[in-house]
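Trainee: Could we go through this one together, slowly? Where would you begin?

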Amino acid sequence: MTPTVPELLLGNFLCLMDPPPPESSGDFLQSRIAVTGMIALLCAQEAERGIEARAWENTAIRALLTDAAPTYGAAFAEAATGEDRDLSLTAMDRANAALRRALIDLHIAVETARDATLDDAIRALYVKMADARRLDLPPLPAG
Amino acid sequence: MSLQDQLETYLTRIWAAPARVTDISRIPGGASRETYRFDVEIGGETRALILRRDPVGSLIDTERKLEFLAFRSFHGSGLPVPEAVALEEDGAELERPFFIMGRIDGGKAESPFTVPPYGEHAGAIGEQFYSHLGTIAAADPATLPIAAATPAPALDACWKVALDYWEGVIDADEEHPQPIVRACIRRLRANPPAAAQKLSVVHGDYRTGNFLHDSAGKVIALLDWEMAHIGDPLEDLGWAMEPLWSYGETDRVSGMLPRAEAIAIWEKASGLKVDPAAFAWWELFASVKGQAIWTSSAKEYRAGGLKDPVLGLSGWYTARRQDVILADRLAALESLA
């Protein structure tokens, strides 16, 4: 996904490394520091849940593609081959990108075929995929 | 030369009188432009002003002339819109394109990431928020300055122009495949809405966080017109009610009013009717547009050397919230059968 946790944490460092010009040192700097804090907080969630979310999503997409292949073509079964042996976020995202492209192609084919059953299943999968990657920001007090 | 010196040199030149800039400070937010507040002393008077300058990278590619003319279109119309003062598309003394507008003091804008912020004033603020939006929708864009800088689409083409634009943004900036928003785009194309009832100025980013209120229940400034254009007035209404701007509330839109009440206020002010089917299209479109913006911000974050954390947060956390909203909206649509 974009951006990655390493990028975000590096960005937090980089954006505070240079001294700001005088006109950016008041409310603007305070706000910037607050945003970097939010990013750090959310990166902790991603470190905790990110691998599991990706492993679940990749497995779920592979299963869907495999099940659909007899109807929609062997290419979807081929796209579903493989497994997540490298459990780094980078490797899993790389596999996820290929699986998502295949899922998009499958969904287009399903819509073209007016296959309501599989379309419903794909839309239900999207809900789970979005929920699995959700990041939870605690309620912040209004200013 | 400091920004303060650059401003003094510029204002002294265009006003043909010595200008002295004081109390300049950058304002948080406004991710598409650098925004500064400052005072200028000229001819024995002090003017309170805002500078909006193009950054090196931005959340959205916008046309500063459009925003400038949008302010000019509605300032003095009865809506709380600041005065457009000066526009320099080539940057002049400030090196990057910018414009200057009047400053309205004594107000605050609320972050969309806080708890519902309006308290006992939520209803009053909501009434003005949706009434002002209806007033914008009611105006005839052909009679306004903004008409000189943006095309007027055919009534039955508004949806396509808008969808083509934002799908193009995703096509250009996407760095990881997004099946959810792609499916939503296909649904939108397959089921276009009825033609617009009229052409209106579309603010383009009319939402929580883009207006000032006085903490006592009054909306005192409508800001951030950088995505203004001419189109279907339902586009703005859909964006204003996007769940992303509702503080997680499901019983009040924008954290202000029950949905039916907000629509009734808008209808009364605009003189228009909200067709439920067409509006459902524009609500889904609003979520697609949001994801396009967050997709761009992720790309800009990288392109800008990871130095703007607002772009990073938008391209990551906000994008994921938007995916949840999109997936829920898509799942709620009728089955293909």
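**Starting from one residue**

Mentor: I would begin with D23(B), which counts as exposed because 12 C-beta neighbours lie inside 10 Å. A residue is called buried if 20 or more other C-beta atoms, placed from the backbone, lie within 10 Å of its own, exposed if 12 or fewer do, and partly exposed in between. Please keep in mind that this is a predicted model, in which local features need pLDDT of at least 70 and side-chain atom pairs count only at pLDDT 80 or more, while totals for chains, interfaces and linings use all residues. Residues are numbered from 1 along each chain as its sequence is written, and chains are lettered from A, and ligands numbered from 1, in the order in which they are written.

Trainee: Okay, and which strand is D23(B) in?

Mentor: D23(B) belongs to strand β1 of chain B, residues 19-26; helices (H or I, at least four residues) and strands (E, at least two) are DSSP runs numbered from the N terminus. Most residues other than glycine have a negative phi.

Trainee: What about L306(B), what is its phi?

Mentor: L306(B) is not a glycine either, and its phi is positive, at about 65°. L306(B) sits in the loop between α8 (276-303) and α9 (309-332) of chain B, and it is buried, because 21 other C-beta atoms lie within 10 Å.

Trainee: Back to β1, then: in what order do the strands of its sheet come?

Mentor: The sheet is open and has five strands of chain B, ordered β1-β2-β3-β5-β4, with antiparallel pairing; two strands count as paired if DSSP finds at least two bridges between them. At the edges stand β1 and β4 of chain B, each with a single partner strand, so one side of each has no neighbour in the sheet. On average, neighbouring strands are turned by 25° against each other, direction ignored. As background, strands of a sheet pair through backbone hydrogen bonds.

Trainee: How many bridges link β3 and β5?

Mentor: Strand β3 (residues 45-53) and strand β5 (residues 98-102) of chain B are joined by five bridges in the antiparallel sense. Within β5(B), M101(B) stands opposite I50(B), and F99(B) is the bridge partner of R52(B). On the β4 side, β4(B) and β5(B) pair antiparallel over four bridges, and there F99(B) of β5(B) faces L87(B).

Trainee: Why is β5 described as largely enclosed?

Mentor: Because four of the five residues of β5(B) are buried, it is largely enclosed by the rest of the structure. Helix α2 (residues 64-74) of chain B lies across β4 and β5, running at about 165° to β4(B); such angles run from 0 to 180 degrees between N-to-C directions, along axes fitted to C-alpha atoms, for helices over the stretch in contact.

Trainee: And E88(B), what does it touch?

Mentor: E88(B), in strand β4 (residues 84-88) of chain B, touches L94(B), P97(B) and F98(B), leaving aside residues up to four places away in sequence. Contact here means C-beta atoms, placed from the backbone, within 7 Å. E88(B) counts as partly exposed, because it has 18 C-beta neighbours inside 10 Å.

Trainee: What is in chain A, then?

Mentor: Chain A contains five helices and zero strands. A compact globule of its 143 residues would have a radius of gyration near 15 Å, but chain A has 20 Å, and its C-alpha trace spans about 65 × 35 × 25 Å along the principal axes. Buried residues make up 30% of chain A.

Key. Rg over C-alpha atoms; globule rule 2.2 N^0.38 Å. Contact = placed C-beta atoms within 7 Å.
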